[in-house]
Amino acid sequence: MPRPTHTARLVQKACISESAQCYHLEFVLDEMPEFDFAPGQFISTVAPDSRGKSQTRAYSIASAPSENKFDLCVNRVENGFFSNYLCDLPEGETVQVHGPHGNFTLRTPLTDAIFVATGTGIAPMRAFTQWLFPEGGPDRSNGKQIWLVYGTRYETDIYYQEEFEALARRVPNFHYLPTLSRAQDSWTGLRGHVQVHIAKIVEERAARLGIPLTQPPVDPATPATDLSFDIYVYICGLNFMVSGVRDLMTGYGWHKKQVVFERYD
């Protein structure tokens, strides 16, 4: 049975990276008074292609819940249908969507957390940070330390940079760490792949708290519902990056339940 869809109207569009042809899209669901979802979830978009065949594509929501609105972060893709369809959608036009879907959400109770993203994998991380640190609203972080490690190749491909930098200035327990793998000489920030900087976070945190870097293994008989951790890592991006970070955390003795991930390839 096809899922019921809703009509989403594009109210604002902005190109946030000319080199990557990445667009920030803001939608409103006029037929709904409120669109309820958990930060980190995704919606599926539906539209007919040039042959009249219905196509569906999932996109992480790039905003926290707010009335009947949601944002997307979409890259133009060579010979791709849906991403280009959305990038070319004029303001005021509509697209059919269903959802929300997915379990890439913040675990409770909230703990210290490392958010790791590459490319448009930044979308759910933006939703997380907007929910945790709403501008003009109550801070939901409970003072937990939150790191956002964002990896990309070039400085021109850093999405939402000004927004995250402003958040880091406003909130002392939020740490923004963009890192470039092909930085120009003028770049004064972090360099290299995300794993390098995640390792530093984990090692420095363990030293500061006086806890063993490698945790003792969890008793396999412990029910998943009884597992309790003091830190999680949330990963969103291409498979090779996700796998690399998972392997890194496994090497520290982290339990698989501490590593929450979503891949988009």
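Analyst: Helix packing and its surroundings

Helix H2 (residues 122-132) packs against helix H3 (residues 161-170) at an angle of about 30°, the two axes being 12 Å apart. Here axes are lines fitted to C-alpha atoms, for helices over the stretch in contact, with angles from 0 to 180 degrees between N-to-C directions; helices (H or I, at least four residues) and strands (E, at least two) are DSSP runs numbered from the N terminus. From H2, Ile-122, Arg-126, Thr-129 and Gln-130 make the contact (heavy atoms within 4.5 Å) with Glu-163, Phe-164 and Leu-167 of H3. These residues comprise three nonpolar, two polar and two charged. The crossing of H2 and H3 is left-handed, that is, the near helix is turned anticlockwise from the far one by less than a right angle, clockwise being right-handed.

The model is predicted, with local features requiring pLDDT of at least 70 and side-chain atom pairs pLDDT 80 or more, while totals for chains, interfaces and linings use all residues. Residues are numbered from 1 along each chain as its sequence is written, and side-chain values use heavy atoms, without hydrogens and water.

Helices H4 (residues 194-209) and H5 (residues 239-251) have axes that come within 10 Å and cross at roughly 30°. H4 is therefore roughly parallel to H5, a term for angles under 35 degrees. Their crossing is right-handed. Val-194, Gln-195, Ile-198, Ala-199 and Val-202 of H4 meet Met-241, Gly-244, Val-245, Leu-248 and Met-249 of H5. This contact contains eight nonpolar residues, two polar and no charged.

Across the whole structure, 17 aromatic pairs are found (ring centres within 6.5 Å). Phe-81 and Phe-82 form an edge-to-face pair (planes over 60 degrees apart), because their ring centres are 5.4 Å apart and their planes lie at 70°. One aromatic cluster is formed by Phe-104, Phe-115, Phe-128, Phe-229, Tyr-232 and Tyr-234.

The strand residue is Gln-96, located in S6 (residues 94-101) and partly exposed at 27% relative accessibility. Gln-96 lies 90 residues from His-6 in sequence, yet their C-alpha atoms are 5.5 Å apart. Setting aside neighbours within four places in sequence, Gln-96 contacts Thr-5, His-6, Thr-7, Ser-44, Thr-45 and Val-46.

Key. Angles under 35 degrees count as roughly parallel, over 145 as roughly antiparallel, 65 to 115 as roughly perpendicular and the rest as oblique. Ala, Val, Leu, Ile, Met, Phe, Trp, Tyr, Cys and Pro count as nonpolar, Asp, Glu, Lys and Arg as charged, and the others, Gly among them, as polar. Rings of Phe, Tyr and Trp (its six-membered ring) pair if their centres lie within 6.5 Å; planes under 30 degrees apart count as stacked, over 60 as edge-to-face and the rest as tilted. Buried means under 20% relative accessible area, exposed over 50%, partly exposed in between (1.4 Å probe, protein chains only).
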